[in-house]
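Here's a quick briefing to read with the model open beside you. Have a look at the fold first, then work through the notes.

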Amino acid sequence: MAQDMETVKELNVDKESLKRLLGSYQRITTGDLIPLLQQIQQVYGYLPPPILFELSKQTRIPISRIYGVATFYEQFYLRPHGRHTIKCCRGTACHVNGGPEISRTIQQLLRVKPGGTTEDMAYTFETVACLGTCFLAPVMMVDQDYYGHLNPDKISQILKSYR
Ligand code: FES
């Protein structure tokens, strides 16, 4: 495990952007962590572990604290993430109205498994318990947009509009 952490710390990631970002703060406390992590994610597209270790070193905020925040909030990604996020509902209402077929269609069209990102980094595909719009079942979201009463034929057109 210790060796894994050493490897992660040394992975080659450009740290200049982090230095510039930290330079814009006079003093950094744990209270700045969320906005700081948001900015880091904006720059890198996710939170690269070597950057989090460097952040800990520069700010003296314990790495355990930084990881605690980064893993608590769904908005943060610790692995490279696609430009668009597709969330397909696997809740009961969606399940009985064809949700599994929607999920299969997305996986076939994008050649990606749940939790995965397409090779061109265009999409990350996730399945979620309920999107809170059961009356639209089956439902998926692309970024902040909801798509309801789906059938497999609609998926391709919807996805193309985000390319
Ligand atoms: S079960 Fe799919 S939105 Fe609620």
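This is a predicted model: local features need pLDDT of at least 70, side-chain atom pairs count only at pLDDT 80 or more; totals for chains, interfaces and linings use all residues.

Residue numbers start from 1 along each chain as its sequence is written. The protein has eight helices and four strands, where helices (H or I, at least four residues) and strands (E, at least two) are DSSP runs numbered from the N terminus.

**Overall layout**

- The C-alpha trace spans about 50 × 30 × 30 Å along its principal axes.
- Of the 163 residues, 22% are buried. A residue is buried if 20 or more other C-beta atoms lie within 10 Å of its own, exposed if 12 or fewer, and partly exposed in between, with C-beta atoms placed from the backbone.
- Among contacts with a separation of 6 or more, 63% come from residues 24 or more positions apart. A contact here is two residues whose C-beta atoms, placed from the backbone, lie within 7 Å.

- Helix α3 covers residues 33-44, and at 1.5 Å a residue its twelve residues should span 16 Å; the end C-alpha atoms are 16 Å apart, which agrees. The expected span is 1.5 Å times one less than the number of residues.
- Which residues of α3 are buried? They are L36, L37 and I40.
- Seen down the axis of α3, these buried residues fall within an arc of 95 degrees, so they line one face of the helix. The arc is that of the directions from the helix axis to the C-beta atoms.
- On the other side of α3, you'll find P35 and Q42 exposed.
- The cover over the buried residues of α3 includes α2 (16-23), α4 (49-59) and α5 (63-72).
- Just after α3, G45 has a positive phi of about 85 degrees.

**Nonpolar cores**

- The largest nonpolar core has 15 residues, and those with the most contacts inside it are I86, C88, C89, I102, I106, V139 and M140. A nonpolar core means a set of buried Ala, Val, Leu, Ile, Met, Phe, Trp, Tyr and Cys residues joined through C-beta atoms within 7 Å.
- β1 (84-89), α7 (99-110) and β2 (123-128) each give this core at least two residues.
- Apart from it lies another core, of eleven residues, and among them are L47, F53, L55 and I66.
- Leaving out residues up to four places away in sequence, I86 touches I106, Y123, F125, E126, M140 and V142.

**Strand pairing**

- β1 and β2 run parallel and are joined by six bridges. Two strands count as paired if DSSP finds at least two bridges between them.
- H84 sits opposite Y123 in β2.
- β1 also pairs with β3 (residues 140-142), this time in the antiparallel sense, over three bridges.
- C88 has M140 in β3 as its bridge partner.

**Backbone spots worth a look**

- Most residues other than glycine have a negative phi, and most peptide bonds are trans.
- A cis peptide bond joins A137 and P138, with omega about -5 degrees. P138 is in the loop between β2 and β3.
- G98 is in the loop between α6 (92-96) and α7, and it counts as partly exposed because it has 16 C-beta neighbours inside 10 Å.
- G98 and P138 are 40 residues apart in sequence but 6.2 Å apart in space, C-alpha to C-alpha.
- Not counting residues up to four places away in sequence, G98 touches P138 and N151.
- R111, in the loop between α7 and β2, has a positive phi near 50 degrees. R111 is exposed, with 9 other C-beta atoms within 10 Å.
- D143, in the loop between β3 and β4 (145-147), has a positive phi near 55 degrees. With 10 C-beta neighbours inside 10 Å, D143 is exposed.
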